[in-house]
Structure formats: structure tokens, C-alpha cells
Amino acid sequence: MGPPSSSAGPSAFASGGVLLGRATERLALDRLLAEARAGHSGVLALVGEPGIGKTALLEYAAGGAGEMRLLRARGVESEAGVPFAGLAELLRPALQALDRIPIPQAQALSGALALAPASAQDRFAIGAATLSLLSAYSDDGPLLLLVDDAHNLDGSSAEALLFAARRLVADPVALVLTVREDEPSLVDGSDLRVLRVGGLDRADAAELLRSAHVTGDAAERLYSATGGNPLALLELAADAGQVTVGPADAPVPLSATIAGAFARRVDALPEPTRRLLLLAAAGDRRDAAGLTRAAAGQGLDLAALVPAEEAGLIQLDGGGVEFRHPLVRSAVYARATPQERRDAHAALAAALPDRDVDQRAWHLAASSVGPNEQAAAALHHAGERARARSAYTVAAAAFAQAARLAETPGRRAPLLVSAADAALLAGAGDQALALLDEAARDGGEPAAVERLRGQLAMRRGPVMDGYALLVSAAERLAPSDPETAVVILAEAVFSAFYAGNPRAMAEAAGRASTLAARVESRRAHFFAAMASAIALVLEGRGDAGAAAAREAVEILEGSDELRDDPRLLTWAALGPMWLREVDTGRSLIALAADRARSQGAVGALPNVLTHLARDQVTTDQWAAGEANYDEAIALARETGQRVELAVALAGRAWLEARMGREEQCRRDAAEAIALCEELGMVTHIIWALQALGDLELALGRPEQAAARHEEQVRALARQQIGDVDLMPAPELVEEYLRVGRAGDAAEAARDFVARAEEKGQPWVLARAARCRALVAEEGGQADFEQALELHARTPDVFETARTHLAYGARLRRLRQRVRAREQLRTAIALFDELGACSWAEQARAELAASGETARRRDASAVDQLTPQELQIARLLADGMTTREAAAAVFLSPKTVEYHLRHVYQKLGIRSREELAAAFPQRFAGS
Ligand SMILES: Nc1ncnc2c1ncn2[C@@H]1O[C@H](COP(=O)(O)OP(=O)(O)OP(=O)(O)O)[C@@H](O)[C@H]1O
Ligand SMILES: [Mg+2]
């Protein structure tokens with residue numbers, strides 16, 4: 001068999017450049033490109049066994065690019081340790097558009113690609129920037145992105161690419177990637193469109209073989225032996241005579257067979273040629289100069305490669321070596337003895353300039369037998385550099401490999417801890433856990449190991465394991481580093497909050513306060529105050545809790561350093577949440593969300609958005625709350641944050657209950673409960689129970705509602721959660737009264753009123769006043785009026801409307817029709833505005849009973865918007881530009897415009913002014 005017959009490049013087809021067969025695949029690719037030209041982005045992953053023809057199809061796509069500009073990259077194993085190697089290769093031509101993307105994103109990307117000083121970011125920030133860059137570059141015309149062997153991309157590049165690919169919608173961009181089946185890759189578990197590439201059919205296989213001068217029986221036998229794998233056909237054609245073929249239907253391990261064929265050809269080469277090939281296989285294909293130096297280091301001359309070229313195994317162009325096929329590279333590497341391989345890596349390491357210090361580190365590592373401190377130190381630094389550039393996957397691998405090479409457990413353990421920390425930042429929980437186990441065995445710093453284990457358990461459950469580990473870590477650190485100990489204790493308080501364990505919360509919060517009192521540190525004081533606030537509130541000491549929350553908010557608002565600390569994003573949102581007052585610190589929640597968005601802190605967003613949404617659901621901003629829950633849930637799923645997912649689902653279920661959306665509410669509550677049970681979370685099971693009870697009440701089924709709310713009361717008692725805000729007594733009072741259990745209603749009201757007075761905050765006092773009014777013997781009008789006054793001091797319009805409804809119903813029964821109608825009309829207007837449809841219906845029924853019919857609210861056009869359309873419409877209505885909105889929700893400006901067109905169509909509007917009018921803002925800062 002001769003060399004490849006085409007000189008058009010390394011990937012040209014052996015059959016003379018003609019792509020045989022592949023009608024389906026061509027069609028799919030043609031369509032993908034045509035759609036991209038027309039402004040509809042598309043992604044296609046070609047998946048199949050080695051040699052099946054994936055790269056050939058990629059070349060077909062390249063051939064059809066026409067005026068589309070090409071961006072290409074190829075995953076190479078030897079570059080898996082270089083942070084963002086693949087992404088840098090792919091994006092190089094697009095970097096000219098860097099000054100057209102949002103500045104924080106441009107900075108993140110430049111740092112990641114080593115074009116600017118490194119700055120560690122959220123792991124998804126680079127993906128967000130990649131999307132923006134591709135979008136900006138495609139403003140000048142359509143793009144075709146081709147990524148060959150994507151399974152070999154460095155993990156950080158793969159993640160960024162996937163993040164961007166999933167969000168390409170309305171830009172003229174097509175992405176085609178190839179992946180070997182059975183190799184782990186970014187395609188796994190993603191929703192990327194996959195096309196499986198199978199063998200050629202019999203006729204095409206026969207034609208391919210004719211080009212290699214194999215026909216008749218021999219061709220038929222080869223076809224059944226290879227299943228039409230073109231590379232196997234071509235390679236085995238060379239020794240068609242000797243092919244022994246198993247039963248026609250028995251699967252042949254093809255890559256082994258093909259590799260075997262290549263290996264025979266490698267073995268036939270002269271020894272210097274083989275050694276040079278090995279250097280080329282182990283090294284960087286683009287670095288011709290490095291190869292020359294490494295060869296010289298081994299006393300070899302590149303001229304000795306010619307026999308390999310003549311044997312059709314490689315092509316030499318521009319001094320670089322291109323292997324005929326990736327399997328040749330594998331075969332060359334596999335044929336060498338372990339010592340030959342180590343020598344090759346040593347020679348490559350010695351030949352690399354300082355610029356390639358990361359690759360040098362990996363070559364050093366591969367050149368060592370057993371421990372090697374020099375290599376370990378080099379990889380340690382490589383890990384630090386990767387981490388500084390937000391390439392956490394790469395950093396974890398480098399630290400872990402450094403640990404393998406370290407000479408003593410004392411050196412090994414801290415490297416394993418660093419590896420685990422990076423793995424945690426990379427979102428690789430299982431890997432982090434395994435590394436921590438190793439670190440513990442090697443005597444790793446117990447406080448560090450426990451803290452990371454605790455943080456992991458806090459995110460993945462069981463959450464009380466997280467608590468125990470964090471507390472223990474904090475105690476170890478307390479004598480030497482009380483400030484950090486306080487921060488860890490605050491994390492522990494949160495774990496116990498998820499677990500619904502107020503006693504554990506109180507213990508850790510108390511300890512945090514004691515430690516904080518000993519140090520002059522605003523940070524420590526903030527965390528201690530916040531931890532105390534949460535613990536006190538959940539325990540039922542609302543007044544003290546509110547004071548602590550206020551203190552925390554003040555510390556934060558008074559310190560630029562703390563306010564600007566990205567690590568405090570999620571904490572900043574907490575204070576206001578626990579206060580439920582109209583003004584206190586509410587802007588902090590929105591600020592935290594804005595920060596997370598502009599920094600591309602995608603990983604922090606599920607938590608921050610859930611806080612924001614929960615806050616909005618207790619104001620009149622339900623639509624915004626819904627959009628934020630939707631986004632939080634989608635991002636939590638995408639980033640694998642199951643604890644956050646459970647919280648957001650339980651929260652959304654509650655909103656859906658208030659809206660009377662039965663099916664969605666039940667679905668979200670069920671998923672939340674299942675997750676909570678698995679992760680040991682109790683507080684959010686209680687939220688879900690509350691949602692289910694509120695749903696029944698909203699739907700006018702008091703009996704079922706009472707059963708759910710009683711379940712909630714029992715769960716609260718079991719957990720000794722005393723937070724009166726979580727008590728469904730006001731709902732129970734209504735339910736009992738409706739089913740004729742007046743005695744139970746009175747008792748529930750009495751108990752609740754007492755507790756509400758202890759807490760003394762307007763939100764709960766208003767609910768208590770409504771309870772008193774509901775069970776009052778005489779009319780209860782004064783209590784209703786008082787409830788309304790208290791409601792006016794909180795932003796929770798829904799609660800206000802509920803009181804108007806109850807008041808109106810009472811007045812109607814007292815035959816004060818005119819006053820009743822006033823209350824009921826207000827209730828209807830408020831419920832309608834919120835979108836509390838079933839409650840609005842109940843209020844309408846009352847009004848009808850008073851002899852007046854309210855016009856039914858037209859199904860609002862806003863209701864027909866998808867969650868994403870709603871989110872975008874709101875951001876634009878708030879005054880953001882298209883570009884700002886795009887950056888905020890991690891989409892391209894064109895995709896934002898695309899959604900906006902749908903919004904305009906659905907709402908029947910034509911301008912931003914009309915849009916703003918359709919989304920009135922009652923409370924600023926949301
Ligand atoms: N449809 C085809 N018609 C003619 N030749 C083909 C066809 N498909 C593949 N080939 C040839 O078969 C060989 C293997 O194809 P290719 O390199 O595309 O496989 P691959 O799936 O990319 O393999 P790997 O997973 O190893 O990268 C190449 O020489 C290619 O030119
Ligand atoms: Mg290929």
C-alpha cells in the first residue's frame with residue numbers, strides 16, 4: 001500500500017479525496033451550514049469508532065464552507081495538560097473581536113488564554129466569554145467551527161466550548177465536532193445533537209477497496225471483517241491476502257486490528273526513524289523547532305523521517321510531522337518500550353523553551369520512573385498557573401500528578417489537597433472526594449481535608465455530614481486562624497439550615513460569635529452576625545435574629561472591601577431575605593445577582609437567583625421571580641448543584657402554589673422532596689409541604705389543604721424549628737373555618753398570635769391580625785384594618801390581597817355589601833396583577849355573591865411568554881441594552897434580539913417604550 005494519494009493535507013482522503021457514500025451525514029452537514037448562513041446556529045457531534053470516517057466528514061464540511069470563515073482545533077492527548085490549549089487554537093482568528101465583548105469577559109478570556117495576566121474566575125466565566133467572542137466575531141459574517149477529536153481536548157477547553165455551544169441560537173455559527181465513541185468527552189450527558197457515524201455500505205466499501213486494488217472475494221471478506229470501517233478497509237487491504245476473518249457476525253476489535261497493521265509498518269522502519277517517530281508522537285505536532293532540538297538531543301536528524309513518509313505513515317510539511325492518522329500516532333507510541341518512551345519525553349522536556357513550561361512539566365513527569373521531585377515541583381507550578389487561569393480541571397490533574405511523583409507523604413498530601421480543591425472548583429465532586437481520601441491517608445492537614453470534605457457534603461449531601469466536618473475543621477483552625485474558623489462555622493450553620501436542625505445551627509453560630517469577638521476583623525464579624533441571624537430566626541427567636549441580620553447588612557454595606565468580594569456574593573443576599581421588610585438591604589440581593597452575572601460567576605448564580613426569586617415572590621414581582629427560579633433551576637441542573645436545585649425547586653413550587661398551577665407545583669414539589677430525602681435536607685421538604693398545602697387552599701380544597709399544613713406543622717415540631725414565618729397557622733385557620741372546625745381554628749389562631757408577637761415583625765404580625773379577625777366573634781373589623789396597616793409595611797402584596805379577600809367575605813356576611821365590594825374589588829385587582837389566578841377566582845365568586853360581577857381578566861399576553869422571553873423582556877424593560885441583557889443572561893445579542901422579536905409578536909408591541917409599559921416596576925432594585 002502506498003502513501004496517501006492526495007497531497008491536499010494530512011486529512012485528505014486516501015481514496016483520492018472522494019468521499020464515498022455518507023448521504024445522510026452530508027445532508028445533515030449541508031443543512032447545518034445552510035442554516036448557520038441564514039442566522040440559525042447549530043451544533044453537530046459526529047461520534048463513531050476510530051477510523052470510521054469522522055475526520056473525513058469534517059473535511060467535507062470544511063470543503064463546503066464557502067464564504068464562511070473557518071475556526072479549527074484538534075484535541076491532542078499531549079496537550080490535555082495545557083490550560084485552554086484547544087480553546088486557544090480554536091479562537092485564535094476570532095481574538096480580533098475581543099474588544100467588542102463585555103470587558104470583564106474579555107479580561108477573563110485573555111487571562112485564560114495567557115494573553116493577559118491570569119485572574120481566577122468562576123469556571124463558567126470562560127464559557128460565557130467564548131460565547132460572546134464567537135457571537136461578536138460572527139457579526140462580520142458566518143462562522144464554521146470544526147473541532148476534531150474533541151475527546152482529547154483539555155477539560156477546561158471542553159467545558160467552555162460546551163457552555164458556549166449550548167447557548168448558540170440565533171448567530172450565524174455552525175459547530176461540528178468529532179468524538180471517538182467510548183471515549184469520555186464533552187458530549188456525554190450533554191444535549192448536543194449527535195450523529196452516529198457507522199461503516200460504509202457494501203457498495204461504497206467495494207469501491208474504496210477497488211482504489212486499493214482489492215476486489216472480488218478478498219473485498220467481500222474484508223467488508224465483513226471490518227463492518228465497512230474505511231480506515232480498516234484501507235489498511236487491511238495492504239495485506240488482504242493474510243487477513244484471517246472470524247465468523248461474519250462476530251465483532252472484531254477493530255482499532256486493535258488497524259493499530260496492528262500500522263504497527264507492522266512501523267516495525268519495518270529503520271531504528272532512527274522509529275525513534276524520531278516516537279519523539280513526534282509524544283510531542284507537540286505544531287512545534288517543529290522543538291522536535292528538531294529534541295531529535296538533536298538524542299543525536300538524531302530529522303532527515304531520518306523520510307522512510308516513514310515513504311511508508312505512508314506521516315507527512316512532512318513545513319518541518320512539522322503530521323501523522324497519517326491518529327491511530328498511527330498511537331501505534332508508534334504503543335510499539336515503543338517504556339524506557340524508550342521515557343527517553344523521548346526527557347528529550348522533549350529538555351528541548352522545550354520556557355514559554356512551554358507547562359508542557360515541559362508533563363514531559364518531565366512522563367520521563368520519570370517512580371518519584372521525581374523535580375518533575376513534581378514543575379507540575380505543582382503548572383497546577384498553580386492553570387488554577388490562576390481558571391482552568392480548574394487542568395489544575396486538578398496537574399496537582400494530582402505532582403502528588404504521584406512526590407517523594408514523601410509529607411510532600412504528597414498538600415498536593416493532593418490542592419488537587420481536591422481544584423477539582424471542587426471544577427465541579428468534579430467524585431474526583432475531589434477520591435483525592436481527599438488519598439490526602440487523608442497521607443496525613444494531609446486535617447483541617448484542610450475536613451473543610452473540603454465538608455464543603456463537598458454541603459453541596460452534595462448528606463448535609464449534616466457537611467456540618468460535622470465543617471465544625472471539626474473550624475475547631476482545628478480556631479487557635480491559629482480564628483477568622484477563617486468563623487467563616488467555616490458560618491458555612492456549617494448553613495449546612496444545618498438545609499438539614500432543618502436549629503440546635504446544631506445555634507451551636508455553631510454561638511461558637512462563631514465567641515471566636516469573632518476575639519478578633520478585629522470585619523469579615524469575621526459579618527459572618528458571625530449572619531450565622532447568628534439565620535440560627536436565631538430558624539430557632540424562633542425572630543427579634544434577636546432580625547437584629548443580627550441588620551447588623552450583618554450594616555457591616556457589609558459599610559465596607560467596600562466586603563461588598564466587592566465575589567466570595568461573599570451569596571452571603572450578601574441573605575440578610576435582607578431574613579428580614580422581610582420593605583427597604584432593609586433589599587438592593588443587596590439584586591446587587592449580588594448583578595455581580596454574579598457580570599463576573600460570569602455562573603456557579604454562584606443558582607444560589608443567588610434563588611434568593612432573589614424568593615424575595616420577589618414575597619413582593620409583587622412574581623413574573624421576575626418565576627424567571628429567576630427558572631434560570632436558577634436550569635443552571636443548577638447544568639452545573640450539577642443538587643442541593644441548590646432542591647432549594648430552587650421547592651421555592652418555585654411555592655410560587656406555583658400561590659399561582660394555582662397545580663400540575664407544575666406538584667411536579668416541582670415531588671422532585672424537590674425526592675432530592676431532599678436523598679441529600680438529608682429537611683428545611684426544603686417543609687417548603688415543599690407548604691407549597692402543596694397552599695396549592696390545595698388556592699384551589700379551594702380546604703380539607704386537603706389542612707391535611708398538608710398539619711403535616712408541615714408536625715415536621716416543624718419534629719425539627720424544633722420555631723420560625724413563626726414558616727408556620728402555616730393563618731392558612732390552617734382559614735381551612736378549619738371553611739370545614740367547620742371553629743374550635744381548632746381558634747386554638748391555632750391563639751397560639752400563632754402569641755408567637756407572632758414575640759417575633760414582632762410586620763409581616764407575621766399582619767398575618768396574625770388576620771387570624772384574629774377571622775376567628776373574631778364580632779366582625780373582626782378592627783383586626784382586619786390593623787392587618788392591612790401592617791401589610792402596608794411589607795412588600796408582600798399577595799398577603800395583602802388575601803386579607804382584602806377575607807375582609808370582603810366577612811363584610812358580605814355582615815350584609816355590608818358596599819364595603820364588602822370595595823375590599824373584594826381590591827383583592828381581585830391585586831390577585832390579577834400578581835397572576836394568582838385561582839385566588840382571583842375565589843374573590844370573584846365572593847363578589848358575585850355580593851351581587852356584583854367583576855369582568856374576567858383577559859388571559860394576559862405576558863402569560864404566553866416562555867421563561868426565557870420573560871427574563872429578557874424584563875431586563876430590557878428595566879432599561880438594559882441588548883448587549884447588556886445578553887451579557888447578563890449568557891446569550892448572544894442576536895439571540896436576545898431573536899427572543900425579543902417573539903416577545904414583540906406575542907405582546908403585539910413594537911417598541912422598547914411599549915415594552916417598558918408592559919412591565920411596570922413597583923419596587924426598585926429587583
Ligand atoms: N466516506 C469515505 N470515503 C472514502 N474514504 C473515507 C471515507 N471515510 C473515511 N475515509 C478514509 O478512511 C480513513 C479514516 O477516516 P477518518 O480519519 O476520517 O476516521 P476517523 O473516524 O476520524 O478516525 P479517528 O477516530 O481515528 O480519528 C481516512 O484515510 C479517510 O480518508
Ligand atoms: Mg479523526
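**Stop 1: A114**

Select A114, which is partly exposed, with a relative accessible area of 41%. A114 sits in the loop between α4 and α5. Helices (H or I, at least four residues) and strands (E, at least two) are DSSP runs, numbered from the N terminus. Now check the backbone: phi of A114 is near 65 degrees, a positive value in a residue other than glycine. Most residues other than glycine have a negative phi, and most peptide bonds are trans.

This is a predicted model, in which local features need pLDDT of at least 70, side-chain atom pairs count only at pLDDT 80 or more, and totals for chains, interfaces and linings use all residues. Residues are numbered from 1 along each chain as its sequence is written, chains are lettered from A and ligands numbered from 1 in the order in which they are written, and side-chain values use heavy atoms, with hydrogens and water left out.

**Stop 2**

Rings of Phe, Tyr and Trp (its six-membered ring) pair if their centres lie within 6.5 Å; planes under 30 degrees apart count as stacked, over 60 as edge-to-face and the rest as tilted. Under the ring rule, the count comes to eleven aromatic pairs.

**Stop 2: F798 and F831**

Jump to F798 and F831. This pair is edge-to-face: 5.9 Å centre to centre, 65 degrees between the planes. F798 belongs to helix α41 (residues 797-813) and F831 to helix α42 (residues 817-834), 33 residues apart. F798 counts as buried at 3% relative accessibility. F831 is buried too, with a relative accessible area of 0%.

**Stop 4**

In soluble globular proteins, nonpolar side chains tend to be buried together.

Zoom in on M681. What is M681 in contact with, leaving aside its neighbours within four places in sequence? The list is V463, Y498, A499, V643, A646, V647 and C676. Contact means heavy atoms within 4.5 Å.

**Stop 3: a cis bond**

Select G461 and P462. A cis peptide bond joins them, with omega about -15 degrees. P462 lies in the loop between α21 (446-460) and α22 (463-477).

**Stop 4: charges over rings**

Show R341 and Y333. The charged end of R341 sits over the ring of Y333, 5.1 Å from its centre. To count, NZ of Lys or CZ of Arg must be within 6 Å of the ring centre and within 35 degrees of the ring normal. Next show R614, which lies over the face of W687, at 3.6 Å from the ring centre.

**Stop 7**

Find L716 in helix α36. L716 counts as buried, at 3% relative accessibility. Leaving aside neighbours within four places in sequence, L716 is in contact with I686, I721, L726, M727 and P728. The C-alpha atoms of L716 and V682, 34 residues apart along the chain, are separated by 9.4 Å.

Finish at Q720, in the loop between α36 (702-718) and α37 (729-738). Is Q720 buried or partly exposed? Q720 is partly exposed, with a relative accessible area of 48%. Phi of Q720 is near 55 degrees, a positive value in a residue other than glycine.

Notes. Buried < 20%, exposed > 50% of the residue type's maximum accessible area, 1.4 Å probe, protein only.
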